[in-house]
Amino acid sequence: MVLRNMKIEVQVSNIVKQEDIQAVVNSANANLRLGSGVAGAIHGAAGIKLERYCEQFAPLGLGKAIITPAFNLPNEFVIHTCAANYLLDDNAEAVLVECLNAVFTLANENKIASLAIPAIGTGVFKFPLELCAAIMATAIKENDGGTVQLVRICVTDEDVATVFLTALSAAGI
């Protein structure tokens, strides 16, 4: 799928094995520490230096993002963003929009050409997958035109891929 300036891919793949991608996005916890899901995978693959480096930025506010070196990952950068807990926090949908806009802002400021993004907030933060996919599709479309030329949405299985493909199509992508 291609927008004006950006190609979008949906892949069943491991986000820590995206050798051809400049920056991976971490669906982070506020403490920016090793956690479960994507945060655990990224911190585990990047090594302890990532967690130590992140200490200076914790706690990360909801909807905010920071950029760090990728350390032992095959990428140049990790962009960490903190979604809201869908069941516990107010305005979780608006916070996810803020997360995505913050990610693209950092990507543009750092002249990043390619991003690998997980289904942000759908794990421990309990964000409904279909809603996440719809918000991500809209945010990707609205952020076309910057330095990012490739967005790869990394998902866990074909069912999740189908949800994202449907959302991208519904957004006119």
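**Close-up 1. How helices H3 and H4 cross.** In this predicted model, the crossing of H3 with H4 is right-handed. H3 covers residues 92-109 and H4 covers residues 129-142; the two pack at an angle of about 40°, and their axes lie 10 Å apart. That makes H3 and H4 oblique to each other.

**Close-up 2. The residues where H3 meets H4.** On the H3 side, the contact is made by Glu93, Leu96, Val97, Leu100 and Phe104. H4 brings Leu131, Cys132, Ile135, Met136, Ala139 and Ile140.

Close-up 3. Leucine 3 sits in the segment before strand E1 (7-12). With a relative accessible area of 14%, leucine 3 is below the 20% cut-off, so it counts as buried. Leaving aside residues up to four places away in sequence, leucine 3 touches Ile8, Ile140, Lys141, Asp144 and Ile173. Ile140 is also one of the H4 residues in the contact with H3. As for threonine 105, it is 102 residues from leucine 3 in sequence, and the two are 18 Å apart in space, C-alpha to C-alpha.

**Close-up 4. Helix H1 and what covers it.** H1 runs over residues 37-46, and its buried residues are Ala39, Gly40, Ile42, His43 and Ala46. Among the elements covering these buried residues are strand E2 (23-27), helix H2 (48-54) and strand E4 (77-81).

Terms used
Residues are numbered from 1 along each chain as its sequence is written. This is a predicted model: local features need pLDDT of at least 70, side-chain atom pairs count only at pLDDT 80 or more; totals for chains, interfaces and linings use all residues. Side-chain values use heavy atoms; hydrogens and water are left out. Axes are lines fitted to C-alpha atoms, for helices over the stretch in contact, and angles run from 0 to 180 degrees between N-to-C directions. Helices (H or I, at least four residues) and strands (E, at least two) are DSSP runs, numbered from the N terminus. Angles under 35 degrees count as roughly parallel, over 145 as roughly antiparallel, 65 to 115 as roughly perpendicular and the rest as oblique. A crossing is left-handed if the near helix is turned anticlockwise from the far one by less than a right angle, and right-handed if clockwise. Contact means heavy atoms within 4.5 Å. Buried means under 20% relative accessible area, exposed over 50%, partly exposed in between (1.4 Å probe, protein chains only).
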